[in-house]
Structures are given as structure tokens and as C-alpha cells.
Amino acid sequence: MLCMQIMLMIMLFRMGVQHRKNSWQDGVPGTNCPILPGQNYTYRFQVKDQIGSYFYYPTTAMHRAAGGFGGLRVNSRLLIPVPYADPEDDYTVLIGDWYTKSHSTLKSFLDAGRSLARPDGVLINGKSLDKKGRGKPLFTMKPGKTYKYRICNVGLKTSLNFRIQNHLMKLVEMEGSHTVQNVYESLDVHVGQCFSVLVTADKEPKAYYMVASTRFTKKVLTGKAIVSYTNAKRGPPSADIPAAPVGNWAWSLNQFRSFRWNLTASAARPNPQGSYHYGKINITRTIKLVNSASRVNGKLRYTINGVSHVDTATPLKLAEYFRVADKVFKYDSIKDEPPAEGTPQKVTLAPNVVNQPFRNFVEIIFENHEKSLQSWHLAGYSFFAAAIGPGKWSPEQRKNYNLLDAVSRHTIQVFPKSYAAILLTFDNAGMWNLRSELTENRYLGQQLYISVLSPARSLRDEYNIPDNALLCGIVKKLPFPPPYTI
């Protein structure tokens, strides 16, 4: 069991780390007070029952646009076998769209209700090559050896296709789950997603391009880095860059459908992943979420079922813990179904909190009626990505669900005019953020919080508030409630 301490001057979010029983450490405005200038805060959390590739970034303002992010690796315990041989080395590759404007300028656009528009480029680990494609190698490989590359899209809004010139990639892990080890020439990595692949240095010993290019954009932007063999011949990589997939999103959808959970591999626990038969559990609740864009007083806002979330001066989790929630927010501003089609579009600006009973098995449907791709993330959990399909969802679509080996993960993309369905048990007590991973959408309201309360108020279900918790808003001077007990 790994315990980590991170000290920063900002509110920090670890993308995909579940914080079991501990939403106190989630690092989002709904759970934590911001770390003010000149102050610091130490996050203490256990990476419990998890392995895999993740990244972290600040959730306040737009620091992510200025390079405020980094990779996070969680390795298996030595006593638990990994379903592949140890690689020669382990590399983190952070790809993302890039804007020439400063993070403060981008924030001012959003605060004024304006869109971020299109990015200006693509970076790999915060870097790019010169106009002639020259630069120092970002990674090196010994001939005949196999390397692990952890690829995460840390950008603001753009899906990217990733590939390595003349080399195949064997997918072995995705957002904390071992996968069936299919081989790919390229991978579509949507915003917030992380893949781990194995690459063998079995080609001519020279330099090669690592490429990340934009998907579903009118103008294709490309970022390149250099991977070189240790005994490489002098000279730049070949200018013949491997082509990205062409056409609409059907190729990307088919690739999603090829991803499968490795049922025989053990992840963080000794028992095989496939020993959890999620497809045999009865669904107790279906929540259907429709994302949309609108304008309020001339300013752009993004909504879920007609509600555009507004952050509060008192974090939602603190208001709930100190039993003053009624003074800060109302539960269930949205219903389990979106407003009926044809009804007048009314946008509500308010804290968006869904009350979810503890340990229920729930189906969440994301419907995207827009012309652009959506990417969703749920904090505190992994869910089973059961289906993605074109058109609108109906109960008949359940016959198309993968109820055997859907990958357990924490993000899912929803293609234009399409739906996605996920399944999960809400067994992690706390206040958890469900949000669009597209920064503009999230910042302008396309997110909500799911309150999962344990009626027992027991340490078996949730940890007590940390001794060093920052207090703000109306709870700053309130007496502490009685602590949880066994």
C-alpha cells in the first residue's frame, strides 16, 4: 500500500486515482479549499487497489495550459505478477494541444464567456522540434529491447492520434486495467485518457519520429519528437511520417470496440480481474445525461440536462460534513432524465449535486447531441465502459452491451450525435466530480458532483476529515462534528 505526499501552491487533482474512502484529498473545488498564494498544503493519500498510468494537474484557473501537469505511475506490488516481461525502461509521454496565448489570457476568454477556439499546435512532453524536424532525442532504445511507453492526453480540448514511425505498439494497460494485448499501428487518445504500450526496438538502428496529430479538426496539427536507437546511424529520421487515420470517427469507434479487459491477469489484487462479474449485477438506477451548449446573458455556458454548474465559496464536501449543506446547495437539481425534447431550453446556473445511495449498481448514459466529440471523467471510481454507439440511447441498446470484458476505466469518449453507457457500483463514500474533460466545457459549467453518503457514518466506509484540512467559506469557524467511529 503506497502513501504519497505532494506539496504545491495550488489545488491539485490526480486524474484517475480513486482515493478510496477519502474524497478529502481529491483536489477539486467541490471537495477542497484552494491553497492561497504564499501557503502550502500536503496531500496524503493511498494508492489503494490500483495500478497503472495517470497524470496530475491543478484544477484552479488555467494552469494546465501553461504546463501545470505531470505523469504519475502506480506499479504493481512485487508479489503480484504482471502479464508481460519487465521492460528495459519505462517512459512517460504526455501529449496535448497547445495555445500560443498565455494561461491568464485563456482564462480571461472563458471568464468573458468566450470559446478557446482552435489550438495552435501539439506538444510532446511540453516540447516540439524545429521547423525542419530536428532536435535532441526525447527517448532512446537499445536494439532488441522492449520498452514501456505510458501515453496520456493532457491537453485542453483536442483528441490526438499517437504513433511511432515504423514501430508497432502492443497495448497492455489502460487507466488502471490490464488489457488484452492487441497490437496497433496508432492509437486515438482522447482528452484525459492514458494508455500503456510495449514497443520493441527491432528495426534499423536509426532515429524515428514519435507523432501526435489532431483528430476531428479541419486543420490537422502535428507534434513530433525523436526516438533514437543507442547505436543509431547519424542523420535525422525519415521525412516519411506515418499517416493518421482519415475520415470520420468510425475508425476511432471501431478501435474502442477492440479494447478488452484481460480477464486472467491480476491487477492490484492477487485475484484475476475477471473474477468480478459486473454483467450479472442488477441495475438499480439509470441516469441519462445530455450535454449541450447555450448562452446566458450573451455568455457561453455548457450544461448537463439543462444545469450549468457553479462552484461555491464553501466546498460541497465541507458543507455536507459540517451539516450546512442546505445553506450552500440543493441536491438533485437535475433529474435522472433530461428535459423532454421540444420543451423550451432553460439554463439553470447552480451547484449541480446528485444524491446517490451507497453501494447501488448504476447505469449512466451519456448522450452527445453536439457536432463535436465529448470526453467524460468520473473521480473516485473506475467504471465499465459497456457501449458506445451512434444515435440516441434506448433500453433496447442494452442488448449491445459488453457484459463480459469491457475495460474498467475512468474516462470515456462520446462521439458526435452518439451515446455511451457505463456501469459501476457506487461503493466509495464521498463527494465525487463527474465532468467533461474538455477544459472549456468544464470551466463553463459542464460538470456535476455525486454525493455518496454512507448512512453508518463509519470509518469502515469513509475516513475522517484530515487534521490539516483547509477550511473556508461558512464552515471556517464552525465547530467540528463528532468524528466517524468504527
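Colleague: How many bridges join β29 to strand β30?
Modeller: Six bridges join β29 to β30 (residues 447-453), and the two strands run antiparallel. One example is Arg435, whose bridge partner in β30 is Gln447. Two strands pair if DSSP finds at least two bridges between them. The strands themselves are DSSP runs (E, at least two residues), while helices are runs of H or I with at least four residues, and both are numbered from the N terminus.

Colleague: Before we go on, what sort of model is this?
Modeller: It is a predicted model, where local features need pLDDT of at least 70 and side-chain atom pairs count only at pLDDT 80 or more, though totals for chains, interfaces and linings use all residues. Residues are numbered from 1 along each chain as its sequence is written, and side-chain values use heavy atoms, with hydrogens and water left out.

Colleague: Thanks! Back to β29. Which strand do three bridges join to β29?
Modeller: That is β24 (residues 374-378), which runs antiparallel to β29. There, Trp376 has Ser436 of β29 as its bridge partner.

Colleague: Is β29 mostly covered or mostly open?
Modeller: Mostly covered: seven of the seven residues in β29 (residues 430-436) are buried. Buried means under 20% relative accessible area, exposed means over 50%, and partly exposed lies in between (1.4 Å probe, protein chains only). Gly430, Trp432, Leu434 and Ser436 point one way from the strand, and Met431, Asn433 and Arg435 point the other way.

Colleague: New topic, salt bridges. How many are there?
Modeller: The count comes to 19 salt bridges. The rule asks for a side-chain nitrogen of Lys or Arg within 4 Å of a carboxyl oxygen of Asp or Glu. In general, side chains of opposite charge can pair when their charged atoms come close.

Colleague: Which residue does Lys157 pair with?
Modeller: Lys157 forms a salt bridge with Glu440, and their closest N and O atoms are 3.6 Å apart. Lys157 lies in the loop between β9 (146-153) and β10 (160-164) and Glu440 in helix α4, so the pair ties together parts that are 283 residues apart in sequence.

Colleague: And are those two buried or partly exposed?
Modeller: One of each. Lys157 is partly exposed at 27% relative accessibility, whereas Glu440 is buried at 3%.

Colleague: What about Asp188, which residue does its side chain meet?
Modeller: Asp188 meets Arg215 in a salt bridge, at 3.0 Å from N to O. Asp188 is in strand β14 (residues 187-189) and Arg215 in the loop between β16 (207-214) and β17 (222-229), so this pair ties together parts 27 residues apart in sequence. Asp188 is buried, with a relative accessible area of 2%, and Arg215 is buried too, at 5%.

Colleague: How many cavities of 30 Å³ or more does the search find?
Modeller: Four, over the whole structure. The largest has about 90 Å³ of space, and its lining includes Trp24, Cys33, Tyr43 and Leu318.

Colleague: What lines the second largest cavity?
Modeller: Its lining includes Tyr57, Met62, Arg64, Leu156 and Arg442, around about 60 Å³ of space. Both β4 (52-58) and α4 (439-443) supply at least two of the lining residues.

Definitions and conventions:
On a 1 Å grid over the protein atoms alone, a cavity is a set of points where a 1.4 Å probe fits but cannot get out, and a pocket is an open set with protein on both sides within 12 Å along at least five of seven lines; lining residues have an atom within 4 Å of a point. Grid points are joined across faces, edges and corners, and a volume is the space filled by probe spheres set on the points.
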